[in-house]
Amino acid sequence: MSAAETAPVDDQTRESVRLLKRVPGRARPQKEALREFEKAVAELRQRYQPVFWPFFVPEPKDMFRWRVQLECGCTFEVYTHGEDKYPDDRSYVDPVTESRLPAGEYWCPTDHGPTTKPYRDILEWVDRKVVDFPADPEEPDYDWMDAEDWAKIRKLDPHTSAFWKVKLSCGHHDQVCSDVDWKPEDGPKLVSEERIAEIRREFEEIWTAEGRTGWPHESPERDHIRKMIELRWPRPEPERDCFTCTRARRITGYQRIGWLVPKTNPAPASSANLDRKKVEARLAGAEAEVRKLRKQLDDRKDA
């Protein structure tokens, strides 16, 4: 156990220490882990100019290996800068949005079967990107859409949209499309009372005509549509279905593996070097004594 694990800790670190445990499975061979890490580092170096490498490209010699276990039971290997930085203290990347996950969460690539995406409120409109599009093609790009529906939404001229990066109440990020001239302080645009009555009637007819099994089926998605009807169909919508919530999992435990590049202790001095140092020390002492005696002789000559 390291000194960091026995020293006084704050609440967050104490929680991290509590997660130290034996994680099922075995660590990969060190050479395999190093080879994979160096491949990732090479890709990072291609993305950044050399002047930025010290900030964004980690050095293998500084990285410590851990095995982590997630709440779903899956286990993975992760790295931290040093043996006293715990895996749940850092933020990992969501590979879909390329945003940081909340600390203590890790993206699980394992397919655990069908999962319903929960709806989360939008807490923050982070930034936006404006994109230009050409006119829509005559035929729809989607196999499931018929020509009549496509004709209603098809844009005949080139058009521009704004894509916002938003932060959700779960701490994850998503993307929302809006008109270019729309700003968060404007609030969502609402349809008229007459139009929302039509929308409500259209959905109720679909659900009733198919024994209330029409799209979408009874699910959070249908509840979302009902909520949007009650809010008069706001655009942009104030909430999003979060795919990241179906993949991000809490870290429930972790175990040390060791340094990615094993640390080596300095080689001990050879016995020959030690003997030489002793002789040099004795010689220096003897020379000092000779100088002292010569000084005494010189002083007596002058007396």
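**Entry 1: Thr80**

I looked up the accessibility of Thr80 in this predicted model: its relative accessible area is 4%, and because buried means under 20%, Thr80 counts as buried. I located Thr80 in strand 2, which covers residues 75-81.

I then examined the polar surroundings of the Thr80 side chain. A polar atom of this side chain lies 2.9 Å from the backbone oxygen of Gly82. The backbone oxygen of Lys85 lies 3.0 Å from a polar atom of the Thr80 side chain.

I also listed the residues that Thr80 touches, leaving out those up to four places away in sequence. They are Asp62, Met63, Phe64 and Trp66, together with Lys85, Tyr86, Pro87 and Arg90.

**Entry 2: a nonpolar patch**

I asked which residues make the nonpolar surface patch of about 450 Å². I found Val51, Phe52, Phe55 and Phe56.

Val51 sits in the loop between helix 3 (30-47) and helix 4 (53-56). Its relative accessibility is 54%, so Val51 counts as exposed.

**Entry 3: the whole protein**

I noted 8 helices and 8 strands in the protein. Of its 303 residues, 28% count as buried.

I recorded an accessible surface of about 21,000 Å², with 52% of it belonging to carbon and sulfur atoms. For contacts between residues at least 6 apart in sequence, I found that 64% join residues at least 24 apart.

Terms used: Residues numbered from 1 in each chain as written. Predicted model: local features only at pLDDT ≥ 70, side-chain atom pairs only at ≥ 80, totals over all residues. Heavy atoms only, no water. Helix = DSSP H or I, 4+ residues; strand = E, 2+ residues; numbered from the N terminus. Buried < 20%, exposed > 50% of the residue type's maximum accessible area, 1.4 Å probe, protein only. Contact = heavy atoms within 4.5 Å. Areas by Shrake-Rupley, 256 points an atom, 1.4 Å probe, with all protein chains shown as cover. Patch = residues over 30% accessible without salt bridge, like charges linked within 9 Å, V, L, I, M, F, W, Y side chains within 5 Å. Salt bridge = Lys/Arg side-chain N within 4 Å of Asp/Glu carboxyl O. Polar contact = N/O pair within 3.5 Å; in protein donor to acceptor, adjacent residues only side chain to side chain.
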